[in-house]
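Hello,

I am handing over the structure below, and my notes on it follow. Please read them with the model open.

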Amino acid sequence: MTVRAHLDFLKSWIEEKIEDIAEGRTPEPDKTFAYYWEKNGAGSSHFARKDVVFECFHNFVAFSQWGNTIYNMMQKLGRSTGDPAARDWLVKTMEGDPDNAGGGAFTPLERYVMEMFRLISPNGGSISAIEETIVPRFERNGYIVSPHTSTGVDPVHWENPLEFDPTRYERVPTSQEVDEAKARQIGFAKCPFDLTSFEVKDGRKAALNNSAFGTVFGVADGKAMPVCDYAGFAPFGFGYRRCPGEQLTIQAFEDFLRKVWNDKIEFVKLNIASPEPLPIGPRTVIADNIGFTR
Ligand code: HEM
């Protein structure tokens, strides 16, 4: 099967599944993302059925980054391959009160996972097309990359940037705090992105708000669920294009670490001369050389 044939097959499979959700043939449709997208898109040209299909397709690809993340987390926690500070912090976090934010924006376990993401940075950069300021004499295309990996460890943003230290997120601004006043403090005459709130149309009491940088975050039943809106925290991108799967991903890895902790799992580098190269996502191949003991 060619790549094109694979993609066409996947597209018609997704179209069929969305049709099933829309027509009530899927049990518990409200457990799917597509159910909410269909309801909120409501057939409008801003989020039509074809956009929902593309979103499902994109998110299949996005999920592949979890494989890369798990591999790197196992390596960081590994008995011989790991980062001792990351291992010590896991013990400290889990033996403390991992799910108690204590009035702060993030729980200790959330901060631990955020620190893992900053240092692993599974998504290396965001690409943007450059617009010409004058019409060029021949057609050409230019791109710029906002690098996530190097931004995350830049000493401009953090003290001891290479050190594993989840406490750094106790002091960062959140997307809810980056408002008009913060924009003025930074030196903008006005918010680069006007502050807006979109109510959802699917029956829930929830809205999508944005920060002055354009970072979108949810507010449900009047409670904001902000993200860390600081230039040094880049694994999920910046501003208006930032990853909407960030909190889902962070919570999934909180669960992964709970399992590791509760089952006393230890990761071990396997002594294999030529480990199998395993493709786990677009442009990502890992050496299948980490096992675990319980
Ligand atoms: C390890 C996991 C993930 C990482 C590191 C990650 C990282 C990113 C980054 C860096 C961007 C910004 C790209 C850009 O600026 O062009 C992005 C965008 C996006 N991500 Fe993720 N992502 C992850 C998982 C997910 C998941 C699980 C979903 C959905 C279920 C998702 C949905 C999206 C979408 C829809 C966008 C596009 C946002 C927009 O342009 O408005 N991501 N992601």
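Where does S121 lie? S121 is in the loop between α6 and β1 (125-130); helices (H or I, at least four residues) and strands (E, at least two) are DSSP runs, numbered from the N terminus. Its phi is near 45 degrees, a positive value in a residue other than glycine.

Two points on how to read the values. This is a predicted model, in which local features need pLDDT of at least 70 and side-chain atom pairs count only at pLDDT 80 or more, while totals for chains, interfaces and linings use all residues. Residues are numbered from 1 along each chain as its sequence is written, and side-chain values use heavy atoms, with hydrogens and water left out.

Backbone and loops

E28 also has a positive phi, near 45 degrees, and is a residue other than glycine. E28 is placed in the loop between α1 (3-22) and α2 (33-41).

K76 belongs to helix α4 (residues 65-77). Its C-alpha atom is separated by 7.0 Å from that of A86, ten residues away along the chain. Leaving aside residues up to four places away in sequence, K76 touches G82, D83, A86, R87, M116, L119 and I120 (contact means heavy atoms within 4.5 Å).

Domains

The protein chain is divided into domain 1 (3-63), domain 2 (65-172 + 230-293) and domain 3 (173-229); the bounds come from an automatic or database domain assignment. Between the C-alpha centres of domain 1 and domain 2 there are 28 Å. Four residues from domain 1 and five residues from domain 2 take part in the contact. The two domains, domain 1 and domain 2, bury about 390 Å² between them, with 63% of it on carbon and sulfur atoms. Buried area here is the accessible area (1.4 Å probe) that two parts lose on being put together, summed over both. On the side of domain 1, V61, A62 and F63 lose the most area to domain 2, together 87% of what that side buries.

Salt bridges

A salt bridge is a side-chain nitrogen of Lys or Arg within 4 Å of a carboxyl oxygen of Asp or Glu. The structure holds 20 salt bridges, but the count between domain 1 and domain 2 is zero. Because R168 lies in the loop between α7 (148-152) and α8 (180-186) and E115 in helix α6 (residues 108-120), the pair ties together parts that are 53 residues apart in sequence.

Strands

Four strands form an open sheet in the order β3-β4-β5-β6, with antiparallel pairing; two strands pair if DSSP finds at least two bridges between them. β3 (197-199) and β6 are the edge strands, and each pairs on one side only. Neighbouring strands of this sheet are turned by 25 degrees against each other on average, direction ignored (axes are lines fitted to C-alpha atoms, for helices over the stretch in contact, and angles run from 0 to 180 degrees between N-to-C directions). Three bridges pair strand β5 (residues 216-220) with β6 in the antiparallel sense. The bridge partner of A220 is K223, in β6.

Strands β8 (residues 277-281) and β9 (residues 284-287) run antiparallel and are joined by four bridges. G281 is opposite T284 in β9. β8 and β9 form a hairpin with two residues between them, and R283 in the turn has a positive phi of about 65 degrees.

Iron

The iron atom of the ligand has a single donor from the protein, C243 (SG), at 2.3 Å. Donors are N, O and S atoms within 2.8 Å of the metal (3.2 Å for Na, K and Ca); water is not among the atoms, so sites may look incomplete. C243 sits in the loop between β6 (223-225) and α9 (246-262).

Regards
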